[in-house]
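Dear colleague,

My notes on it come after the sequence and coordinates.

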Amino acid sequence: MNAVYYRVSLFRRLWIATLAATCLAGLASVPAAADPSGSSSGSGNTGSASGSGDSGSSSLSGDSGSATGSAGMTSEYLRDDQGRALILHGLNTSGSAKDEAGLPWISDADVVREHQQLGTNSVRYLLQWRKIEPQPGIYDEQYLDAVAERLRWYRSQDMHVILDMHQDTYSPYACGAGAGNGAPQWATLTDGLPCTTQNPWVLTYLQPAVVRAYDNFWNKNGNHPELMTRYTAMWQHVAQRFRDEPAVYGYDLMNEPFGGSRQFAEFEGPVLTPFYQGLIDAIRAVDVHGWIFAEPQSFGVNQGLGSDLGALRGDRIALAPHFYPGAVDLGGSNTGIVGFLIKAEFAAWRANMTGLARKLGRPLWIGEVGAMNFGVPGARQYTSDWLDLADSLHIGWTYWSNDPDAGCADNAVGPMCLNTGLTAVGRILAARPYPRAVAGDPTQISYRDGRLTVSWKDRAGVVGPTEIWFPGTGTPPITSSDQCRWDAASRTLFVTGAAIDGTHTVTVG
């Protein structure tokens, strides 16, 4: 049997085994009873905002206590220039940016609508290497001009932009038109191996041409060191171009890295970690302020397995894993035995990603989450569960994705309708209040029965108020010993004041 075909067949079996291993690992951490901490159960107002929700599932949020020293928590946070902890809620923008034009579907009016209706304060904006560098060392400044125009739209809404260098199955040239995105044709070296698109699409990663393209990019055989070198130079050019754009908060180095024929410890430790360090050093040579987001490998880690990503030198670096339970990737539902296994993946992801964040000393941010078809049973509960998970960890997220539904169908994955209105998942996201910025270290974020509770401890050097976005109409009930100012236009509560013991709690709703 051809060695490449054997390897792909082996990978196919490994993919299934990985999902099974994740579920088994997670089963040991699934709580036997509801969490007594009082964190959100996901019922609250989200059901009333979207119609009837799915019930009967316990909360997956876990401990909502202090961020320092609690199991399953992280101790670091994304910060703004006032030192406040940032909780970023946003959308990936967008799947349409994977197309030939390389630009998302949005207009400036759509950005305004998203910010106002969903309350988002951030966006993960997709870029493609092939659009930036169509020929080696030649950058398409017209494409980057178009990106700059869209960044101004987000700046007008005071939104934080994370530039994401996106790729799926390496490149559109590895397996035919429509089968991937990312690398330019000149950097797609498949050595003539075959490729057939697969269903579900993630199995296309295991096709011989795709595996070889990744192996050549990672210079496995020592024949193509120029590919990583060019990618690094390309990122430096992008950072230099946008370093003075106030809307740009940071740079997501590579979407869902895949190691080709090397995976886990064989890939993340000796290959991905030093590659990231080189990218960080190149970006820091032109931009010392922007945050840098490093993703672990996608295979297995997205589903809850641990990561072997190593320590990275430098400041303002965040860990940016994705979370897609196996049933979501494979198009399944969230009920019965599959729903039970998804709960196990929640528990495994929480334990492994918070453990990695603490080990590396980096804040945690979910770069992609969601993507469940709302026509399948249990989708509403799944959405409530991952929202609870993020709240309990005091971290932000970007939902996949903001691609609109022309018919505004309630089973759509995207939260926005094409011209006006929200889908079912959009109404759930729009009903979710959150603290956009916290003047210290968050110790509790919980949403239950229509009420949001936010607690934090003072942190030296922090200036500026805590800002809490709360949807709806009118002025919500507010309980706090701090000074509070409600801004009806932005639906934002501004909280200031000193606490004798350095701790603060605000309840809204």
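The notes below go from the chain overall to its core, its cavities and pockets, and some details of the backbone.

This is a predicted model, in which local features need pLDDT of at least 70 and side-chain atom pairs count only at pLDDT 80 or more, while totals for chains, interfaces and linings use all residues. Residues are numbered from 1 along each chain as its sequence is written, and side-chain values use heavy atoms, with hydrogens and water left out.

Overall architecture

The chain has 12 helices and 17 strands; these are DSSP runs numbered from the N terminus, with helices (H or I) of at least four residues and strands (E) of at least two. Of its 509 residues, 60% count as buried, where buried means under 20% relative accessible area, exposed over 50% and partly exposed in between (1.4 Å probe, protein chains only). Among contacts in the chain with a separation of 6 or more, 73% are between residues 24 or more positions apart; contact means heavy atoms within 4.5 Å.

Nonpolar cores

A nonpolar core is taken as a set of buried Ala, Val, Leu, Ile, Met, Phe, Trp, Tyr and Cys residues joined through side-chain atoms within 4.5 Å. The largest core has 102 residues, and those that touch the most other members are Leu163, Phe217, Trp218, Tyr231, Trp235 and Phe275. Beyond its neighbours within four places in sequence, Trp235 is in contact with Leu163, Met165, Tyr251, Asp252, Leu253, Leu279 and Ile283. A second, separate core holds 20 residues, including Ala85, Leu452, Ile468 and Val495.

Cavities

On a 1 Å grid over the protein atoms alone, a cavity is a set of points where a 1.4 Å probe fits but cannot get out, a pocket is an open set with protein on both sides within 12 Å along at least five of seven lines, and lining residues have an atom within 4 Å of a point. Grid points are joined across faces, edges and corners, and a volume is the space filled by probe spheres set on the points. Searching the whole structure gives 5 cavities of 30 Å³ or more.

Pockets

The largest pocket holds about 1100 Å³. It is lined by 45 residues, with Asn121, Gln157, Asp158, Met159 and His160 nearest its centre. At least two lining residues come from each of α3, β5, β10 (434-438), β13 (466-469) and β16 (492-496). The lining divides into 19 nonpolar, 14 polar and 12 charged residues.

The second largest pocket has about 520 Å³ of space. Of its 29 lining residues, Lys98, Asp168, Trp201, Val202 and Glu256 are the closest to its centre. Its lining comprises 11 nonpolar, 13 polar and 5 charged residues.

Backbone details

Most residues other than glycine have a negative phi, and most peptide bonds are trans.

- Tyr170, in the loop between β4 (160-165) and α6 (208-217), has a positive phi of about 75°; Tyr170 is buried, with a relative accessible area of 4%.
- Glu256 has a positive phi of about 40° and sits in the loop between β5 (248-252) and α8 (265-284). Glu256 is buried as well, at a relative accessible area of 7%.
- The peptide bond from Thr93 to Ser94 is cis, with omega near -10°; Ser94 lies in the loop between β2 (89-93) and α3 (108-118).
- The peptide bond from Trp400 to Ser401 is cis, with omega near -10°, and Ser401 belongs to the loop between β9 (397-400) and α12 (424-430).

Helix α11 (residues 379-393) is mostly covered, with 15 of its 15 residues buried. Just after α11, His394 takes a positive phi of about 60°.

With kind regards

Definitions and conventions
Expected span 1.5 Å × (residues − 1). Nonpolar A, V, L, I, M, F, W, Y, C, P; charged D, E, K, R; others polar.
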